[in-house]
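This report describes one protein chain in plain terms. Please look through the sequence and the structure before reading on.

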Amino acid sequence: AEHQPANEQAYQTYLHHAKEIAPYGLALIGVQAVFKGREASFFLVIYAFVAYYFANKMMRLIILTGPIASALCGVALGQVFDWCQAQYLPTTEAAPAIEGAAPSKKEVVATKSPAKSSKGAGTPGGKGKKGKSVASSAEKNADLLNQIKTPILELYNSDAVLKGRKLVAAVAVIAMLMATRTQGKEFWAYSHQLAEQLSSPSIMFHATLRDGTPVTVDDYREAYWWLRDHTPEDSRVMAWWDYGYQITGIGNRTTIADGNTWNHEHIATLGRCLTSPEKEAHRIVRHLADFVLIWTGGGGDDLAKSPHMARIGNSVFNDICPGDPTCSNFGFYGGGTPTPMMEESLLYKLHSAGMRPGVSVDPNRFKEVFRSKFQKVRIYQVLKVSQESKRWVADPDNRICDAPGSWYCVGQYPPALDKLIAKRKNFAQLEDFNKGGGDDEYTKEYMARMNGEKSSRPSSRSGSSKKSKSSSSSSSSSSS
(Lines give C-alpha, C1' and ligand atoms only; values in the text may rest on other atoms or scores of the structure.)
Protein backbone atom coordinates (compact mmCIF):
# COMPACT_ATOMS: atom_id res chain seq x y z
CA ALA A 1 0.00 0.00 0.00
CA GLU A 2 2.81 2.42 0.79
CA HIS A 3 4.05 1.98 -2.79
CA GLN A 4 0.81 3.41 -4.17
CA PRO A 5 0.52 7.11 -5.03
CA ALA A 6 -0.59 9.44 -2.26
CA ASN A 7 -4.32 10.14 -2.37
CA GLU A 8 -6.43 12.96 -0.96
CA GLN A 9 -7.04 11.09 2.29
CA ALA A 10 -3.28 10.64 2.84
CA TYR A 11 -2.63 14.35 2.29
CA GLN A 12 -5.42 15.20 4.73
CA THR A 13 -4.05 12.77 7.33
CA TYR A 14 -0.45 13.98 7.26
CA LEU A 15 -0.86 17.67 6.32
CA HIS A 16 -4.29 18.47 7.82
CA HIS A 17 -5.10 22.21 7.43
CA ALA A 18 -1.78 22.81 5.67
CA LYS A 19 -3.22 20.90 2.72
CA GLU A 20 -5.81 23.67 2.19
CA ILE A 21 -3.58 26.70 2.82
CA ALA A 22 -0.33 25.68 1.10
CA PRO A 23 -1.63 26.13 -2.52
CA TYR A 24 -2.34 29.82 -1.81
CA GLY A 25 1.18 30.24 -0.47
CA LEU A 26 2.54 28.56 -3.60
CA ALA A 27 0.62 31.01 -5.82
CA LEU A 28 1.92 34.02 -3.87
CA ILE A 29 5.51 32.82 -3.81
CA GLY A 30 5.26 31.96 -7.51
CA VAL A 31 4.26 35.56 -8.30
CA GLN A 32 7.27 36.81 -6.35
CA ALA A 33 9.55 34.38 -8.17
CA VAL A 34 8.33 35.43 -11.63
CA PHE A 35 7.91 39.18 -11.24
CA LYS A 36 10.55 39.98 -8.62
CA GLY A 37 13.12 37.32 -9.49
CA ARG A 38 13.79 36.29 -5.90
CA GLU A 39 16.01 33.22 -5.73
CA ALA A 40 14.55 32.08 -2.42
CA SER A 41 11.09 32.13 -3.99
CA PHE A 42 12.30 30.01 -6.91
CA PHE A 43 13.72 27.50 -4.43
CA LEU A 44 10.38 27.10 -2.66
CA VAL A 45 8.50 26.71 -5.94
CA ILE A 46 10.92 24.04 -7.19
CA TYR A 47 10.87 22.26 -3.82
CA ALA A 48 7.06 22.23 -3.84
CA PHE A 49 6.76 20.66 -7.29
CA VAL A 50 9.51 18.09 -6.64
CA ALA A 51 7.95 17.01 -3.33
CA TYR A 52 4.47 16.80 -4.86
CA TYR A 53 5.80 14.79 -7.82
CA PHE A 54 7.45 12.14 -5.66
CA ALA A 55 4.54 11.96 -3.20
CA ASN A 56 2.28 11.19 -6.14
CA LYS A 57 4.63 8.37 -7.09
CA MET A 58 4.81 6.70 -3.67
CA MET A 59 2.71 7.35 -0.57
CA ARG A 60 5.58 6.89 1.87
CA LEU A 61 7.34 9.87 0.22
CA ILE A 62 4.56 12.20 1.36
CA ILE A 63 6.96 12.98 4.20
CA LEU A 64 8.80 15.23 1.72
CA THR A 65 5.77 17.54 1.53
CA GLY A 66 5.77 18.34 5.25
CA PRO A 67 8.49 21.04 5.33
CA ILE A 68 7.40 22.77 2.13
CA ALA A 69 3.72 22.71 3.11
CA SER A 70 4.63 24.38 6.41
CA ALA A 71 6.73 27.01 4.64
CA LEU A 72 4.00 27.79 2.10
CA CYS A 73 1.41 28.09 4.87
CA GLY A 74 3.69 30.61 6.57
CA VAL A 75 3.98 32.54 3.30
CA ALA A 76 0.22 32.66 2.78
CA LEU A 77 -0.65 33.69 6.35
CA GLY A 78 2.31 36.07 6.56
CA GLN A 79 1.35 37.88 3.35
CA VAL A 80 -2.21 38.34 4.55
CA PHE A 81 -1.06 39.65 7.93
CA ASP A 82 1.48 42.03 6.36
CA TRP A 83 -1.17 43.45 4.04
CA CYS A 84 -3.60 43.98 6.91
CA GLN A 85 -0.92 45.70 8.98
CA ALA A 86 0.06 47.96 6.06
CA GLN A 87 -3.48 49.38 5.85
CA TYR A 88 -3.05 50.98 9.28
CA LEU A 89 0.74 51.22 9.65
CA PRO A 90 2.26 51.72 6.18
CA THR A 91 6.02 51.27 6.19
CA THR A 92 8.48 53.65 4.54
CA GLU A 93 9.44 50.90 2.11
CA ALA A 94 5.84 50.56 1.03
CA ALA A 95 5.31 54.35 0.67
CA PRO A 96 6.47 54.67 -2.97
CA ALA A 97 4.26 51.76 -3.97
CA ILE A 98 1.29 53.21 -2.10
CA GLU A 99 1.81 56.73 -3.42
CA GLY A 100 2.25 55.31 -6.90
CA ALA A 101 3.39 58.61 -8.44
CA ALA A 102 4.74 58.38 -11.94
CA PRO A 103 8.40 59.37 -12.36
CA SER A 104 8.92 63.03 -13.19
CA LYS A 105 10.61 64.29 -16.33
CA LYS A 106 13.71 65.17 -14.26
CA GLU A 107 13.90 61.53 -13.08
CA VAL A 108 13.60 60.36 -16.65
CA VAL A 109 16.40 62.74 -17.70
CA ALA A 110 18.49 61.46 -14.79
CA THR A 111 18.10 57.92 -16.01
CA LYS A 112 19.15 59.01 -19.46
CA SER A 113 22.27 60.88 -18.35
CA PRO A 114 24.48 57.79 -17.92
CA ALA A 115 23.86 56.83 -21.50
CA LYS A 116 24.92 60.32 -22.60
CA SER A 117 28.02 60.33 -20.44
CA SER A 118 29.11 57.02 -21.91
CA LYS A 119 28.72 58.22 -25.43
CA GLY A 120 30.31 55.92 -27.92
CA ALA A 121 30.30 52.92 -25.58
CA GLY A 122 27.49 51.22 -27.46
CA THR A 123 29.27 50.75 -30.80
CA PRO A 124 32.84 50.49 -32.01
CA GLY A 125 32.28 53.65 -34.06
CA GLY A 126 31.90 55.72 -30.93
CA LYS A 127 28.50 57.28 -31.80
CA GLY A 128 26.47 55.17 -29.32
CA LYS A 129 23.43 54.72 -31.59
CA LYS A 130 22.67 51.32 -30.06
CA GLY A 131 22.80 52.77 -26.55
CA LYS A 132 20.42 55.59 -27.51
CA SER A 133 18.03 53.11 -29.12
CA VAL A 134 17.91 50.94 -26.05
CA ALA A 135 17.42 53.93 -23.74
CA SER A 136 14.65 55.29 -25.95
CA SER A 137 12.87 51.92 -25.93
CA ALA A 138 13.17 51.68 -22.16
CA GLU A 139 11.70 55.17 -21.82
CA LYS A 140 8.71 54.25 -23.92
CA ASN A 141 8.07 51.08 -21.93
CA ALA A 142 8.39 52.98 -18.63
CA ASP A 143 5.99 55.67 -19.84
CA LEU A 144 3.47 53.08 -21.00
CA LEU A 145 3.71 51.22 -17.68
CA ASN A 146 3.22 54.47 -15.75
CA GLN A 147 0.19 55.36 -17.83
CA ILE A 148 -1.41 52.07 -16.87
CA LYS A 149 -0.22 51.93 -13.27
CA THR A 150 -0.80 55.53 -12.19
CA PRO A 151 -4.63 55.62 -12.45
CA ILE A 152 -4.89 52.20 -10.80
CA LEU A 153 -2.73 53.28 -7.86
CA GLU A 154 -4.55 56.59 -7.58
CA LEU A 155 -7.83 54.70 -7.27
CA TYR A 156 -6.26 52.20 -4.85
CA ASN A 157 -5.00 55.03 -2.63
CA SER A 158 -8.17 57.10 -2.77
CA ASP A 159 -9.92 57.88 0.53
CA ALA A 160 -12.96 55.76 -0.28
CA VAL A 161 -10.94 52.67 -1.23
CA LEU A 162 -8.59 53.20 1.73
CA LYS A 163 -11.54 53.06 4.13
CA GLY A 164 -12.73 49.86 2.42
CA ARG A 165 -9.26 48.34 2.67
CA LYS A 166 -9.07 49.12 6.38
CA LEU A 167 -12.48 47.52 6.90
CA VAL A 168 -11.42 44.40 4.98
CA ALA A 169 -8.14 44.27 6.93
CA ALA A 170 -9.99 44.50 10.25
CA VAL A 171 -12.39 41.73 9.26
CA ALA A 172 -9.49 39.57 8.05
CA VAL A 173 -7.57 40.00 11.30
CA ILE A 174 -10.63 39.17 13.38
CA ALA A 175 -11.29 36.09 11.20
CA MET A 176 -7.68 34.95 11.61
CA LEU A 177 -7.86 35.36 15.39
CA MET A 178 -11.12 33.42 15.56
CA ALA A 179 -9.65 30.68 13.33
CA THR A 180 -6.64 30.49 15.62
CA ARG A 181 -8.92 29.72 18.56
CA THR A 182 -10.77 26.96 16.68
CA GLN A 183 -8.89 25.52 13.70
CA GLY A 184 -5.52 26.51 15.15
CA LYS A 185 -6.24 24.79 18.43
CA GLU A 186 -7.56 21.74 16.57
CA PHE A 187 -4.45 21.63 14.36
CA TRP A 188 -2.18 21.85 17.42
CA ALA A 189 -3.95 18.98 19.17
CA TYR A 190 -4.10 16.86 16.01
CA SER A 191 -0.39 17.36 15.27
CA HIS A 192 0.67 16.27 18.75
CA GLN A 193 -1.71 13.32 18.71
CA LEU A 194 -0.38 12.12 15.34
CA ALA A 195 3.21 12.67 16.46
CA GLU A 196 2.67 10.40 19.46
CA GLN A 197 1.06 7.73 17.28
CA LEU A 198 3.93 7.76 14.79
CA SER A 199 6.80 7.99 17.27
CA SER A 200 5.72 5.92 20.26
CA PRO A 201 7.27 2.44 20.46
CA SER A 202 4.79 -0.20 19.37
CA ILE A 203 6.52 -3.45 20.40
CA MET A 204 5.41 -3.04 24.03
CA PHE A 205 1.96 -1.97 25.16
CA HIS A 206 -0.49 -2.23 28.03
CA ALA A 207 -3.58 -4.45 27.80
CA THR A 208 -6.28 -5.94 29.99
CA LEU A 209 -7.06 -9.63 30.33
CA ARG A 210 -10.62 -10.96 30.25
CA ASP A 211 -10.74 -11.00 34.02
CA GLY A 212 -9.73 -7.32 34.14
CA THR A 213 -6.10 -7.89 35.11
CA PRO A 214 -3.81 -5.22 33.58
CA VAL A 215 -0.72 -6.61 31.84
CA THR A 216 2.21 -5.38 29.80
CA VAL A 217 2.48 -7.22 26.50
CA ASP A 218 6.19 -7.60 25.78
CA ASP A 219 6.01 -10.49 23.32
CA TYR A 220 7.78 -8.82 20.41
CA ARG A 221 10.85 -7.66 22.32
CA GLU A 222 10.93 -11.04 24.04
CA ALA A 223 10.99 -12.81 20.66
CA TYR A 224 13.77 -10.60 19.27
CA TRP A 225 15.89 -11.10 22.36
CA TRP A 226 15.33 -14.84 22.11
CA LEU A 227 16.81 -14.71 18.60
CA ARG A 228 19.75 -12.71 19.92
CA ASP A 229 20.45 -15.06 22.84
CA HIS A 230 19.56 -18.50 21.43
CA THR A 231 20.58 -18.55 17.77
CA PRO A 232 23.99 -18.59 16.06
CA GLU A 233 25.30 -15.18 15.02
CA ASP A 234 25.19 -16.09 11.35
CA SER A 235 21.51 -17.06 11.51
CA ARG A 236 19.19 -15.71 8.80
CA VAL A 237 15.61 -14.96 9.79
CA MET A 238 12.75 -14.98 7.32
CA ALA A 239 9.81 -12.74 8.25
CA TRP A 240 7.56 -10.32 6.44
CA TRP A 241 9.51 -7.13 5.69
CA ASP A 242 7.52 -5.06 8.24
CA TYR A 243 9.60 -6.49 11.11
CA GLY A 244 12.98 -6.49 9.37
CA TYR A 245 14.41 -3.47 11.17
CA GLN A 246 13.26 -4.80 14.54
CA ILE A 247 14.88 -8.18 13.93
CA THR A 248 18.13 -6.52 12.89
CA GLY A 249 18.18 -3.73 15.48
CA ILE A 250 16.83 -5.58 18.53
CA GLY A 251 17.56 -9.20 17.72
CA ASN A 252 20.92 -8.49 16.04
CA ARG A 253 20.27 -11.10 13.36
CA THR A 254 20.24 -10.96 9.58
CA THR A 255 16.78 -10.61 8.09
CA ILE A 256 15.69 -11.54 4.57
CA ALA A 257 13.96 -8.18 4.00
CA ASP A 258 13.24 -4.92 5.80
CA GLY A 259 11.65 -1.54 5.20
CA ASN A 260 14.53 -0.42 3.00
CA THR A 261 14.07 -3.25 0.50
CA TRP A 262 13.16 -1.32 -2.64
CA ASN A 263 13.34 -4.40 -4.86
CA HIS A 264 9.72 -5.34 -5.42
CA GLU A 265 10.71 -8.66 -6.99
CA HIS A 266 12.59 -9.67 -3.83
CA ILE A 267 9.57 -8.88 -1.64
CA ALA A 268 7.45 -10.90 -4.07
CA THR A 269 9.82 -13.85 -3.67
CA LEU A 270 9.36 -13.61 0.10
CA GLY A 271 5.60 -13.46 -0.43
CA ARG A 272 5.76 -16.61 -2.54
CA CYS A 273 7.64 -18.46 0.19
CA LEU A 274 5.05 -17.63 2.84
CA THR A 275 1.92 -18.21 0.74
CA SER A 276 2.98 -21.36 -1.11
CA PRO A 277 2.02 -24.87 0.08
CA GLU A 278 4.28 -26.08 2.89
CA LYS A 279 6.30 -28.58 0.87
CA GLU A 280 6.89 -26.22 -2.04
CA ALA A 281 7.74 -23.37 0.32
CA HIS A 282 10.31 -25.44 2.21
CA ARG A 283 12.16 -26.16 -1.03
CA ILE A 284 12.78 -22.41 -1.34
CA VAL A 285 13.15 -21.40 2.31
CA ARG A 286 15.88 -23.97 3.06
CA HIS A 287 18.17 -22.10 0.65
CA LEU A 288 17.49 -18.67 2.18
CA ALA A 289 16.86 -18.84 5.94
CA ASP A 290 17.56 -20.70 9.16
CA PHE A 291 14.49 -19.47 11.07
CA VAL A 292 11.01 -18.21 10.22
CA LEU A 293 9.35 -15.64 12.49
CA ILE A 294 5.56 -15.18 12.36
CA TRP A 295 3.31 -12.63 14.06
CA THR A 296 0.32 -14.55 15.39
CA GLY A 297 -1.46 -12.20 17.79
CA GLY A 298 -4.58 -11.39 15.79
CA GLY A 299 -5.59 -7.99 14.47
CA GLY A 300 -2.80 -6.92 12.14
CA ASP A 301 -0.82 -10.15 12.37
CA ASP A 302 0.64 -12.05 9.43
CA LEU A 303 -2.56 -13.95 8.74
CA ALA A 304 -4.41 -10.67 8.23
CA LYS A 305 -1.63 -9.46 5.92
CA SER A 306 -1.38 -12.73 3.99
CA PRO A 307 -3.75 -11.79 1.11
CA HIS A 308 -1.52 -8.79 0.52
CA MET A 309 1.54 -11.07 0.52
CA ALA A 310 -0.13 -13.28 -2.06
CA ARG A 311 -0.97 -10.33 -4.29
CA ILE A 312 2.59 -9.02 -4.16
CA GLY A 313 3.97 -12.48 -4.90
CA ASN A 314 1.54 -13.01 -7.76
CA SER A 315 2.49 -9.68 -9.32
CA VAL A 316 5.90 -11.19 -10.10
CA PHE A 317 5.11 -14.93 -10.12
CA ASN A 318 1.81 -14.98 -11.99
CA ASP A 319 1.27 -18.66 -11.24
CA ILE A 320 0.47 -18.14 -7.53
CA CYS A 321 -3.08 -16.98 -8.30
CA PRO A 322 -3.54 -17.81 -12.00
CA GLY A 323 -5.84 -15.39 -13.79
CA ASP A 324 -6.56 -13.51 -10.57
CA PRO A 325 -4.23 -10.49 -10.06
CA THR A 326 -5.71 -9.62 -6.65
CA CYS A 327 -5.63 -13.23 -5.36
CA SER A 328 -9.27 -13.12 -4.24
CA ASN A 329 -9.18 -16.90 -3.64
CA PHE A 330 -6.48 -16.56 -1.00
CA GLY A 331 -8.27 -15.66 2.22
CA PHE A 332 -11.23 -16.73 4.33
CA TYR A 333 -14.90 -17.37 3.78
CA GLY A 334 -17.53 -15.45 5.70
CA GLY A 335 -17.49 -17.73 8.75
CA GLY A 336 -13.71 -17.59 9.13
CA THR A 337 -13.06 -20.85 7.27
CA PRO A 338 -9.88 -20.65 5.20
CA THR A 339 -10.05 -21.10 1.44
CA PRO A 340 -8.18 -24.14 0.06
CA MET A 341 -5.23 -21.96 -1.02
CA MET A 342 -4.99 -20.40 2.42
CA GLU A 343 -5.36 -23.74 4.21
CA GLU A 344 -2.44 -25.28 2.28
CA SER A 345 -0.11 -22.27 2.68
CA LEU A 346 3.01 -22.34 4.84
CA LEU A 347 1.99 -19.16 6.61
CA TYR A 348 -1.39 -20.52 7.70
CA LYS A 349 0.20 -23.70 9.09
CA LEU A 350 2.98 -21.87 10.95
CA HIS A 351 0.45 -19.42 12.31
CA SER A 352 -2.33 -21.81 13.37
CA ALA A 353 -0.56 -25.09 14.15
CA GLY A 354 -1.81 -26.33 17.49
CA MET A 355 -4.22 -23.40 17.76
CA ARG A 356 -6.86 -24.52 15.27
CA PRO A 357 -8.18 -28.07 15.02
CA GLY A 358 -6.50 -30.18 12.36
CA VAL A 359 -3.72 -27.71 11.60
CA SER A 360 -0.15 -28.99 11.97
CA VAL A 361 3.34 -28.44 10.62
CA ASP A 362 5.47 -31.15 9.00
CA PRO A 363 8.02 -31.97 11.75
CA ASN A 364 10.53 -32.99 9.09
CA ARG A 365 10.62 -29.50 7.63
CA PHE A 366 9.90 -26.99 10.41
CA LYS A 367 10.29 -27.15 14.18
CA GLU A 368 8.72 -24.65 16.58
CA VAL A 369 11.41 -23.35 18.92
CA PHE A 370 9.74 -20.31 20.50
CA ARG A 371 6.24 -19.12 21.37
CA SER A 372 5.78 -15.84 23.25
CA LYS A 373 3.85 -15.49 26.51
CA PHE A 374 0.67 -14.11 24.97
CA GLN A 375 1.20 -16.02 21.69
CA LYS A 376 1.85 -12.89 19.67
CA VAL A 377 4.99 -14.32 18.05
CA ARG A 378 6.08 -17.81 16.99
CA ILE A 379 9.53 -18.79 15.71
CA TYR A 380 10.28 -21.94 13.74
CA GLN A 381 13.63 -23.47 12.91
CA VAL A 382 14.05 -24.49 9.29
CA LEU A 383 15.18 -28.10 9.06
CA LYS A 384 17.42 -29.53 6.34
CA VAL A 385 18.93 -26.12 5.58
CA SER A 386 21.16 -26.18 2.51
CA GLN A 387 24.63 -25.49 3.91
CA GLU A 388 25.97 -25.31 0.38
CA SER A 389 23.66 -22.42 -0.47
CA LYS A 390 24.42 -20.73 2.86
CA ARG A 391 28.19 -20.88 2.22
CA TRP A 392 27.73 -19.65 -1.34
CA VAL A 393 25.68 -16.62 -0.26
CA ALA A 394 28.16 -15.75 2.52
CA ASP A 395 31.14 -15.87 0.16
CA PRO A 396 32.21 -12.26 -0.62
CA ASP A 397 33.24 -13.33 -4.12
CA ASN A 398 29.58 -13.96 -4.94
CA ARG A 399 28.49 -10.42 -4.18
CA ILE A 400 28.17 -7.69 -6.78
CA CYS A 401 29.91 -4.47 -5.71
CA ASP A 402 29.25 -1.13 -7.38
CA ALA A 403 33.04 -0.59 -7.54
CA PRO A 404 36.13 -2.63 -6.62
CA GLY A 405 36.66 -2.50 -2.86
CA SER A 406 33.34 -0.77 -2.28
CA TRP A 407 31.35 -1.25 0.92
CA TYR A 408 28.12 -1.41 -1.10
CA CYS A 409 27.84 -4.95 -2.39
CA VAL A 410 24.55 -6.53 -3.42
CA GLY A 411 24.07 -10.20 -2.61
CA GLN A 412 22.74 -12.80 -5.02
CA TYR A 413 20.41 -15.76 -4.74
CA PRO A 414 22.15 -19.14 -4.49
CA PRO A 415 22.40 -21.12 -7.76
CA ALA A 416 19.90 -23.68 -6.41
CA LEU A 417 17.14 -21.07 -6.92
CA ASP A 418 18.09 -20.11 -10.48
CA LYS A 419 15.03 -21.79 -12.00
CA LEU A 420 12.71 -20.03 -9.57
CA ILE A 421 14.28 -16.61 -10.10
CA ALA A 422 14.08 -17.08 -13.88
CA LYS A 423 10.28 -17.24 -13.60
CA ARG A 424 10.01 -13.73 -12.17
CA LYS A 425 8.57 -10.90 -14.20
CA ASN A 426 9.29 -7.31 -13.27
CA PHE A 427 6.26 -5.54 -11.86
CA ALA A 428 6.10 -2.00 -13.29
CA GLN A 429 5.41 0.02 -10.17
CA LEU A 430 4.22 3.61 -10.37
CA GLU A 431 7.52 4.91 -9.00
CA ASP A 432 9.22 3.42 -12.10
CA PHE A 433 12.04 1.79 -10.11
CA ASN A 434 11.58 -1.52 -11.92
CA LYS A 435 10.71 -0.49 -15.46
CA GLY A 436 11.76 -2.80 -18.24
CA GLY A 437 10.68 -6.34 -18.94
CA GLY A 438 7.45 -6.04 -16.96
CA ASP A 439 4.00 -7.28 -17.88
CA ASP A 440 2.26 -3.96 -18.53
CA GLU A 441 -1.08 -5.61 -19.25
CA TYR A 442 -0.99 -7.49 -15.94
CA THR A 443 -0.04 -4.31 -14.08
CA LYS A 444 -2.98 -2.40 -15.54
CA GLU A 445 -5.34 -5.26 -14.68
CA TYR A 446 -3.98 -5.40 -11.13
CA MET A 447 -4.41 -1.66 -10.58
CA ALA A 448 -7.91 -1.72 -12.06
CA ARG A 449 -9.06 -4.52 -9.74
CA MET A 450 -7.44 -2.90 -6.70
CA ASN A 451 -9.46 0.24 -7.51
CA GLY A 452 -12.67 -1.80 -7.67
CA GLU A 453 -13.02 -1.63 -11.44
CA LYS A 454 -14.30 -4.52 -13.54
CA SER A 455 -11.90 -6.75 -15.42
CA SER A 456 -10.85 -5.29 -18.75
CA ARG A 457 -9.78 -8.62 -20.21
CA PRO A 458 -10.94 -12.24 -19.99
CA SER A 459 -9.08 -14.50 -17.60
CA SER A 460 -6.40 -16.40 -19.50
CA ARG A 461 -5.74 -18.94 -16.78
CA SER A 462 -9.15 -19.44 -15.24
CA GLY A 463 -9.06 -23.12 -16.01
CA SER A 464 -5.98 -23.72 -13.89
CA SER A 465 -7.32 -22.52 -10.56
CA LYS A 466 -8.75 -25.90 -9.61
CA LYS A 467 -7.57 -25.66 -6.02
CA SER A 468 -9.88 -22.80 -5.18
CA LYS A 469 -13.58 -22.65 -4.59
CA SER A 470 -15.71 -19.98 -6.14
CA SER A 471 -14.53 -16.58 -5.00
CA SER A 472 -18.07 -15.25 -4.85
CA SER A 473 -18.44 -16.58 -1.33
CA SER A 474 -14.98 -15.70 -0.09
CA SER A 475 -13.73 -12.57 1.54
CA SER A 476 -10.21 -11.65 2.53
CA SER A 477 -8.66 -8.89 4.54
CA SER A 478 -5.95 -6.81 2.91
CA SER A 479 -4.12 -4.77 5.50
CA SER A 480 -0.51 -4.05 4.61
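## The model and its rules

This is a predicted model, in which local features need pLDDT of at least 70, side-chain atom pairs count only at pLDDT 80 or more, and totals for chains, interfaces and linings use all residues. Residues are numbered from 1 along each chain as its sequence is written, and side-chain values use heavy atoms, with hydrogens and water left out.

## The whole chain

The chain has 18 helices and 11 strands. Helices (H or I, at least four residues) and strands (E, at least two) are DSSP runs, numbered from the N terminus. Of the 480 residues in the chain, 37% are buried. Buried means under 20% relative accessible area, exposed means over 50%, and partly exposed lies in between (1.4 Å probe, protein chains only).

A contact is defined as heavy atoms within 4.5 Å. Among contacts between residues at least 6 apart in sequence, 63% join residues at least 24 apart.

## The surface

The accessible surface of the chain is about 28100 Å², and carbon and sulfur atoms account for 59% of this surface. Accessible areas come from the Shrake-Rupley method with a 1.4 Å probe; for residues, only the protein chains shown count as cover.

Which residues make a nonpolar surface patch of about 670 Å²? They are F42, I46, V50, Y53, F54, I63 and L64. Patches are made of residues with over 30% relative accessible area and no salt bridge; like charges are joined within 9 Å, and nonpolar side chains (Val, Leu, Ile, Met, Phe, Trp, Tyr) within 5 Å. One of the patch residues, I46, sits in helix 3 (residues 39-55). I46 counts as exposed because its relative accessible area is 54%.

## The nonpolar cores

A nonpolar core is a set of buried Ala, Val, Leu, Ile, Met, Phe, Trp, Tyr and Cys residues joined through side-chain atoms within 4.5 Å. The largest nonpolar core has 60 residues, and M238 and L293 touch the most other members. With neighbours within four places in sequence left aside, the contacts of L293 include Y224, L227, V237, M238, V377 and I379. A second, separate core of 18 residues includes A10, L15, I62 and L72.

## The disulfide and other cysteines

A disulfide is a covalent bond between the sulfur atoms of two cysteines. Here a disulfide is counted when a pair of cysteine sulfur atoms lies within 2.5 Å, and the count comes to 1. This disulfide joins C321 to C327, with an S to S distance of 2.1 Å. The link of C321 and C327 is right-handed, with 110 degrees about the S-S bond. Are C321 and C327 buried or exposed? Both are buried.

C84 is buried, with a relative accessible area of 3%, and C273 is buried at 1%.

## Salt bridges

A salt bridge is a side-chain nitrogen of Lys or Arg within 4 Å of a carboxyl oxygen of Asp or Glu. By this rule there are 14 salt bridges. R228 and D229 form one of them, at 2.9 Å from N to O. R228 is partly exposed at 33% relative accessibility, and D229 is partly exposed at 48%.

K305 and D242 form a salt bridge with their closest N and O atoms 2.9 Å apart. K305 lies in helix 13 (residues 302-316) and D242 in the loop between strand 3 (236-238) and helix 10 (244-249), so the pair ties together parts that are 63 residues apart in sequence. K305 is buried at 7% relative accessibility, whereas D242 is partly exposed at 25%.

A further salt bridge joins R272 and D319 (2.9 Å, N to O). This pair links distant parts of the chain, 47 residues apart: R272 is in helix 11 (residues 264-275) and D319 is in the loop between helix 13 and strand 6 (332-333). R272 is buried, with a relative accessible area of 5%, while D319 is partly exposed, with 41%.

## Positive phi values

Most residues other than glycine have a negative phi. Q375, a residue other than glycine, has a positive phi near 60 degrees. Q375 lies in the loop between strand 7 (366-371) and strand 8 (377-382), and Q375 is partly exposed at 32% relative accessible area.

K384 also has a positive phi, near 60 degrees. K384 is in the loop between strand 8 and helix 16 (387-394). At 57% relative accessibility, K384 is exposed.
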